[in-house]
Amino acid sequence: MRILDPRATWPAVLVAMTLLGFARQAHAFCNPETDPPIQCFVNGEEGERICGANGQYGACIVPSGPPPSNGTVSGHVAFFQNQGNFCPSSPTRSCTGATYVQSQYHTDMPIAETKVYIRRGDGVVIGAGVTDSSGNFTISWNNPSTTGDITANFIWVGEHKDGRFAVRTSSGGQWTFWTPNFTLNAGVNTNIGTWTWGNSSAPNSLANVYDGAFHMWSFGLSQSNRMNAFFTGLSIYAFDNTCPTSCASGPDNRITLDNNAAYQPQARIMHEMGHIASYKGSRDQNRRQTGDCEFYSYPSTSCVSGSGWSLTSKEWEGAAFEEAVATHLGDVSLYRAFATEPHTCLSSAECSTGSFNIETSPGTSCGTDQNRVPLNHIRYHWDNYDSVSDYTGENLSRGMWEVVDTLNAFNNGNGNRQKDEPFDTFLGIPFTDDLDGRSPIDFRENWIVWGTDSSTQLSNNCGSAGD
Amino acid sequence: MLGAGAGAFARGGAMVRQPIAAVAPQVSSANDGFTPLVTIDLEPSAVLQGPSGDGLEFQLSLKSRSQRPLMLRYSYELVDDRGNSRQKPAMSPLTAVSATGIHGVQLATPVGLTDGYYEARVMAAAADGTEDTLQVAERYFVVKHGAVTPLSSDEWFQMSNANQGRRL
């Protein structure tokens, strides 16, 4: 018997097998009834080729796994509108030109242009997007760690989509507004419907502040190219009584809202954003716009504790002018230039008719110190802006951006009509602050340099105590 | 109608009043917003301990800046963190306040509230013939195992369901 040497026969067997395999793959000779599938690989994934009815092996088919865990989610978000300063529905009141009217008050209004997120059950964000101006959103989500449908929730955090402002905690932290969990269906869009924050029994004060800030930006400040370039990253701390009547810090780019500020936007969030706009327009004045307490202590030249100010109080011009600018910029966001009865006030309800209509100028005959009353300066700015004439010669109708652009045009220095005129001591110069150092006259004169004379508007609103 | 201790009622047995120390105000030197016609101040002033649980007493202060006498009226109500009314709004009588005067009153929650998060809300309307205003104050507290603890607004929004959305 002959014993075969395996070492001699294996090479021949291998050659035969290779040729056979090659022949089966390269040529159309297979029997779909009898030939099994052939193993194959695509990008490292194992698959198989099957003998088809035409007697040929088809392409390498890698079996598909479960559907990938991604998709889109859409919906609509709103809040219960509880802010005052709407234009009231009244037969004796015209709301022509008002951007916020009573029919919107105490309804569910959109949460506009805010960043929104989809968050997995363990807190990991798997999708991000923004709402449009109507509160609608559609965003993609992707959850690479699992497959198929997942449980998630929706959150928003009080931040404007373009980073113009963000509503923060009293220490600067991020708020979370959330929904309960829901199921996201993989591979398709999941519509989560309409969600709202707050109701008539318990309005959400933070959501109302967000809306006030959005309204101020969208209807007011965004009209200005300068604000589009420089008004960004504002933090709105809500709520904290560090400033009992709210306050703004330009150098910190921060607003601090007091505990009772939520529902009176015109005098609080909008007004304070007006201060920030003034600061940005003024090329970051060397100090806070209005400085210390003594600016609010007229006729005293030193601080009178708790003196405060109001629309009708008599103030040093350094305070009266700045407060008027801040208020005016807020007023612009609530009323268009063609508004017939624009009002301003500090209230969580409407401004009552007449208190205070900023289109009713007091004229040229004014009582003592009426030329240092913020309300009269507000009316001066309004007459520069509006297209309605309430006295002879009121023929200016200039964009709100000219306010911040004119502030920007003040020359550097602390001399008369210069940028830091009110703030001498801060600059290390050994004499006192010029408490009347920034006034409507400084504004008018700098504006004249750029070709616009608002003397008629100023004189018909009691003038100014500045120089 | 509101008056001293309005809203508080014991469900039997004596009630013990544990004062809450007033927090010293922090005052910033940054420029201030303008002063309301009436400044509303609502601060927790005492925990009311009764046999059926605690209640919370608030000191309400309404300060006029007007140089004229003014009239004011205010309401007080209690809701939970889901917006359910827990004490219907009660309206004060029309009250006269002298020029730059202050109207003060103590308000109280019911004692023995069920565990949960609560918001006390006061709305005050005032007019002096030239100017008028509506001011709103919201203050928060939690009841846990029957004990009452005041909350800051940060704590309220972070711990309660106040920031939870509701599907329409």
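## A hairpin in chain A

In this predicted model, Ile38(A) stands opposite Arg49(A), a residue of strand E2 of chain A. The two strands concerned are E1 (residues 38-42) and E2 (residues 45-49) of chain A; they run antiparallel and are joined by five bridges. Strands of a sheet pair through backbone hydrogen bonds, either parallel or antiparallel.

E1(A) and E2(A) form a hairpin, with two residues between them. One residue in the turn, Asn43(A), has a positive phi of about 50 degrees.

## Chain A as a whole

Chain A contains nine helices and 15 strands. Of its 467 residues, 49% are buried. If we take the contacts in chain A between residues at least 6 apart in sequence, 64% of them join residues at least 24 apart.

The chain is divided into domain 1 (28-64), domain 2 (68-206) and domain 3 (290-459). Between the C-alpha centres of domain 1 and domain 2 of chain A there is a distance of 52 Å.

Most residues other than glycine have a negative phi, and most peptide bonds are trans. Asn85(A) is not a glycine, yet its phi is positive, near 70 degrees. Asn85(A) sits in the loop between strand E3 (68-80) and strand E4 (108-110) of chain A. Is Asn85(A) buried or exposed? Asn85(A) has 28 other C-beta atoms within 10 Å, so it counts as buried; the cut-off for buried is 20 or more.

Two peptide bonds in chain A are described here as cis. One runs from Ala238(A) to Phe239(A), with omega near 5 degrees. Phe239(A) lies in the loop between strand E13 (234-238) and strand E14 (247-249) of chain A. Another cis peptide bond joins Ser355(A) and Phe356(A), where omega is about 5 degrees. Phe356(A) belongs to the loop between helix H5 (317-334) and helix H6 (374-385) of chain A.

## A sheet in chain B

In chain B, four strands form an open sheet in the order E1-E3-E4-E8, and the pairing is antiparallel. Strand E1 (16-19) and strand E8 (102-108) of chain B are the edge strands, each pairing on one side only. From one strand to the next, the twist averages 30 degrees.

Inside this order, strand E3 (residues 38-50) and strand E4 (residues 53-64) of chain B pair in the antiparallel sense over 12 bridges. Which residue of E4(B) is the bridge partner of Val38(B)? The partner is Ser64(B). In a regular strand the side chains alternate between the two faces of the sheet.

## An exposed residue in chain B

His145(B) also has a positive phi, of about 50 degrees, although it is not a glycine. The residue is placed in the loop between E10 and strand E11 (147-151) of chain B. His145(B) has 7 other C-beta atoms within 10 Å, so it counts as exposed; the cut-off for exposed is 12 or fewer.

## Where the chains meet

In the model, 37 residues of chain B are in contact with 54 residues of chain A. On the chain B side, the elements that give two or more residues are strand E2 (31-32), strand E10 (132-144), helix H1 (153-159) and strand E12 (166-167). E10(B) gives the largest share, seven residues. By residue type, the chain B side divides into 12 nonpolar, 16 polar and nine charged.

Strand pairing also crosses from one chain to the other. Strand E12 (residues 189-197) of chain A and E12(B) pair in the antiparallel sense over two bridges. Here Thr196(A) stands opposite Arg166(B).

## Confidence in the model

For the complex, the predictor gives an ipTM of 0.92 and a pTM of 0.88. Chain A has a mean pLDDT of 90, and 90% of its residues reach 70 or more. For chain B the mean pLDDT is 89, with 87% of its residues at 70 or more.

In chain A, pLDDT stays under 50 over residues 13-27, and the model has four contacts beyond four places in sequence for them. In chain B, pLDDT stays under 50 over residues 7-12, for which the model has 23 contacts beyond four places in sequence.

Methods
Residues numbered from 1 in each chain as written. Chains lettered and ligands numbered in written order. Predicted model: local features only at pLDDT ≥ 70, side-chain atom pairs only at ≥ 80, totals over all residues. Contact = placed C-beta atoms within 7 Å. Pairing = 2+ DSSP bridges. Axes fitted to C-alpha atoms, helices over the stretch in contact; angles between N-to-C directions. Nonpolar A, V, L, I, M, F, W, Y, C, P; charged D, E, K, R; others polar. pLDDT = per-residue confidence, 0-100. Domains from an automatic or database assignment.
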